[in-house]
Amino acid sequence: FGTGSYMHMSMFNHNCIPNCTKFSPDENPKNLSHYSQVWTTSYVRKGQELTLHYLEPRELSHLTRRYRLFEQHLFDIGPSIENDVLQSMEMVNGSVPTCILPPLSLILAHQIKGGDAMVTAMDITTATSRIETALADLEAIRVETEIEISTAATSTATTAAVYLSETLYPKCKALELSAFELCKESAAQLNNSRHILMMRCYRLHTDCAASFLNNVLRPLVLLLTSASESLNKSANGNTISSAEKESIHIGCRFILNSYKLLEIQLQASGHYHFDVARTYHDLWKEIGFILLTRKLAKLNQALLDDDEVLTANSTITFAQWSREEDRCRREYERISQLYPRDIDSIIQLNRREGNILKGK
């Protein structure tokens, strides 16, 4: 929420599985909004409390959520997890880790000294703490890389091709591979492929893969196609053929982890959450690209090679993947319609009709 006092938003209590989500004014995809908006993400019964998640990112272990909520908001969610779905998503090696809150005096002492009370008080040797640390480090590197990518977009074609190949290509490739390996290692350490942290792991990898594909690999293919032979030879050994193969390989891994992410999201958030819509959108676009390149054998093999993805048919046909692409598109459009974020137009209409006093 940022720092400040919010008269209306302060009426919402926290819930680790909330039934609402908040969009800030600058998150409006159509135009700059002037209002924060709260939308329900599931069916709400009459009289049921509307709740939000106070933390960002939301995908944190119970241990970390308890520390941060107590440190930042001074309330305790307790050591136990009452929600059955959330409890199953917190299991590590068959049981929910013990969650002990440090004494208030210790937290206050570290706050006075200016240190991070949560990090100091938490047991950083646990699997969840190690994974969250690795996630934070890779997420920070991804942000830095995105800044570098934005600078490359203003370069000339020749300069951009060399910069993409020699600078961004190895960095983005290493970042995508690191995120992919983190997914596998985290699932092994947690012994729970549907742990809440796995959502964050899979989202990190799909974000890194999408950035690598859309900002480096595929633009590099286009630049190399139109560039001179001398530029092709100087582009760090990357040729059109190798870049295209790498693009298909990363695209298949992107689809693989997007399906894993979607499975956990549907379990945790249901079929109406905007995060689910985003994953459907990603699958729709990437499956469409694979269909366009006619590289379905690579995708089918990637699904078969992964232990966690079960497929009854090793030769999924073009028609079947086309139907799946269309299904993902329709699901994305269905959910997106639930979040019009049109509060500005509604308020302006009511003001014109005299239903809302100007300035209120």
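A residue is called buried when its relative accessible area is under 20%, exposed when that area is over 50%, and partly exposed in between (1.4 Å probe, protein chains only). The structure is a predicted model, in which local features need pLDDT of at least 70 and side-chain atom pairs count only at pLDDT 80 or more, while totals for chains, interfaces and linings use all residues. Residues are numbered from 1 along each chain as its sequence is written, and side-chain values use heavy atoms, with hydrogens and water left out.

**Exercise 1. Classify glutamate 148 and describe its salt bridge with lysine 171.**

Step 1. Glutamate 148 has a relative accessibility of 22%, so it counts as partly exposed.

Step 2. A salt bridge requires a side-chain nitrogen of Lys or Arg within 4 Å of a carboxyl oxygen of Asp or Glu. The side chains of lysine 171 and glutamate 148 meet in this way at 2.5 Å, N to O.

Step 3. Because lysine 171 belongs to helix α6 and glutamate 148 to helix α5, the pair ties together parts 23 residues apart in sequence. Helices here are DSSP runs of H or I with at least four residues, strands are runs of E with at least two, and both are numbered from the N terminus.

Step 4. Lysine 171 is partly exposed too, at a relative accessible area of 34%.

**Exercise 2. Determine which parts of the chain are linked by the salt bridge between aspartate 275 and arginine 58.**

Step 1. The N to O distance between the two side chains is 2.2 Å.

Step 2. Aspartate 275 is in helix α10, whereas arginine 58 is in the loop between β4 and α1; the two are 217 residues apart.

Step 3. Aspartate 275 counts as buried at 17% relative accessibility, and arginine 58 is partly exposed at 24%.

Step 4. The whole structure contains 17 salt bridges. Among its charged groups, Arg203, Asp207, Arg278 and Asp282 are linked in a network.

**Exercise 3. Which side chain of opposite charge is nearest to glutamate 132, and which to glutamate 59?**

Step 1. For charge, Lys and Arg count as positive and Asp and Glu as negative; His and the chain ends are not counted.

Step 2. Glutamate 132, in helix α5 (residues 127-152), is buried without a salt bridge, and its nearest oppositely charged side chain is arginine 200, 4.9 Å away.

Step 3. Glutamate 59, in the loop between β4 (51-52) and α1 (62-73), is likewise buried without a salt bridge; for this residue the nearest such side chain is arginine 58, at 4.1 Å.

Step 4. A contact means heavy atoms within 4.5 Å. Leaving aside residues up to four places away in sequence, glutamate 132 touches Leu60, Ser61, Thr64, Leu197 and Arg200, and glutamate 59 touches Ile196, Leu197, Met199 and Arg200.

**Exercise 4. Is helix α1 largely enclosed or largely open?**

Step 1. Nine of the 12 residues of α1 are buried, so the helix is largely enclosed by the rest of the structure. Among them are His62, Tyr67 and Phe70.

Step 2. The expected span of a helix is 1.5 Å times one less than its number of residues. For α1 this gives 16 Å, which agrees with the 16 Å between its end C-alpha atoms.

Step 3. Just after α1, leucine 74 takes a positive phi of about 60°.
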